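The tour moves from one selection to the next.

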Amino acid sequence: MSGDSSHAALGATGPIAFAGSPIDRADQIRVDPDALAARMDWRAKVLKLDGLLPEIDEMGGLVWGTLADVPQEAELVFLGLMDDKACFAAVPDQGATGPAYAMPRAWQAIQQLSPPDLAIYGGARSLVDWHARHQFCAKCGSQTKITKGGWQRSCDNCGAEHFPRTDPVTIMLVEHEGRLLLGRQPRFPPRSFSALAGFVEPGETIEEAVAREVWEEAGLRVRDVQYIATQPWPFPSQLMIGCFSIADDDQITLDVTELEEARWFSREDVEHAMATIGTEEGPFNAPPPAAIAHSLLKWWLKERGQ
Ligand SMILES: [Zn+2]
C-alpha cells in the first residue's frame, strides 16, 4: 500500500506521523534465504544511520548508501522493497544507540523529514534498536543470531525464537459535557497539555486499559471507550492506540506521581490552542503534529466538539 492511500483512509484524524511507509515489507523474501541473498547485490540500498539518528541530505531527505558502505561484521535487517530495490539498515553497536527521542537531533529529524521518509525511518529505527538491545537469549543467555532478514533472532543453544516487539500504549481523550480532559507530566515543556496515556498491561483489553489509566491518573470513571486511530511510535517501539471515552462527572483526583496537573478544556480552548502551537498565545500549548495526541484533538474538533 502506498503512503498516500493509507493516509486517505484515516478520515477525521488526518495523516498520522510515522505511518504510511512506502516500503513493501515483502514477507516472501524475508522467509526465503535464497531470495534474500539474491537481493543483496549492488542494487540494494542501505539506510544511513548515525547510531539511531538518520542522516539527512540538504533537501531534507533520508540518505541511502549501498552494501559496500556497511562493515563486514554488521548485522543487516531487510526493511523490504521500494521501487523493486531491496532496502536494508545495519544494526548499530549497542553503545552507539544513545538516549531516546528527547535528543534535539531526533526532534530536528522529525520536523525535517517528509511523511514517507519519517515512516521509513521510524520503522527502521525501532527494528535496529531492538536488535542492538537483544543480542542475547532471554531464555538461556547465549548469543543469538539474526534470522528471517532481521524479523527474528534465533538461539542455537536452546532453540528459542525471539521476535521484534512493539508495546501497546493507550492514549485517550476523555470528554465530559462538551469539555476535554488533558494533563501535563512534570517533564513536559511549560504550558503543554496532552492526552493521558499508559501501557496496556498483561491480561487487559484496550478498553480496560483506558478505564484503568484514567481512574489511576485522574480519579475518573469512563465509559463507551471508542477506538480512533493508532500510531507506530519509534522511541523505542510503541503502538500508540488512540481512544475516546466519556466521563460521567468532572471531579478530578490527581495522581501526582504521574501528572503535575489535569484540567478540563472547552472546545474554544482546544481550537485556540491547536491554532497557536509553539507560540505563547492560546490557553495552553497543544501537542505537535508528530504526536498522535495532536491527531486525536483534530478528530475531536471535527467529530465531537460541535
Ligand atoms: Zn537460548
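This is a predicted model: local features need pLDDT of at least 70, side-chain atom pairs count only at pLDDT 80 or more; totals for chains, interfaces and linings use all residues.

Is E175 buried or exposed? At 6% relative accessibility, E175 counts as buried, because the cut-off for buried is under 20%. Its place is in strand β10.

Now show what surrounds E175. Beyond its neighbours within four places in sequence, E175 is in contact with L180, F244, S245, I246, A247, W264, W300 and R304. Pick W300 from that list. The side chains of E175 and W300 make a polar contact at 2.8 Å. For a distance check, draw a line from E175 to E280: their C-alpha atoms are separated by 25 Å, and the two residues are 105 apart along the chain.

Next, select helix α8, residues 292-303. Its 12 residues should span 16 Å at 1.5 Å a residue, and its end C-alpha atoms are 16 Å apart, so the two agree. Colour α8 by burial. 9 of the 12 residues are buried, so the helix is largely enclosed by the rest of the structure. Among the buried ones are H294, W299 and W300.

Last stop: the zinc ion. Select C137, C140, C155 and C158, whose SG atoms coordinate the zinc ion at 2.3 to 2.4 Å. The site is tetrahedral, with angles of 100 to 115° among the 4 donor atoms. Along the chain, the donors follow the spacing C-x2-C-x14-C-x2-C.

Note on methods:
Residues are numbered from 1 along each chain as its sequence is written. Side-chain values use heavy atoms; hydrogens and water are left out. Donors are N, O and S atoms within 2.8 Å of the metal (3.2 Å for Na, K and Ca); water is not among the atoms, so sites may look incomplete. Four donors count as tetrahedral if all angles lie between 85 and 135 degrees; four count as square planar and six as octahedral if opposite donors are over 155 degrees apart and all others between 65 and 115; anything else is irregular. Helices (H or I, at least four residues) and strands (E, at least two) are DSSP runs, numbered from the N terminus. The expected span of a helix is 1.5 Å times one less than its number of residues. Buried means under 20% relative accessible area, exposed over 50%, partly exposed in between (1.4 Å probe, protein chains only). Contact means heavy atoms within 4.5 Å. A polar contact is a pair of N or O atoms within 3.5 Å; within protein, one must be able to donate a hydrogen and the other to accept it, and residues adjacent in sequence count only if both atoms are side-chain atoms.
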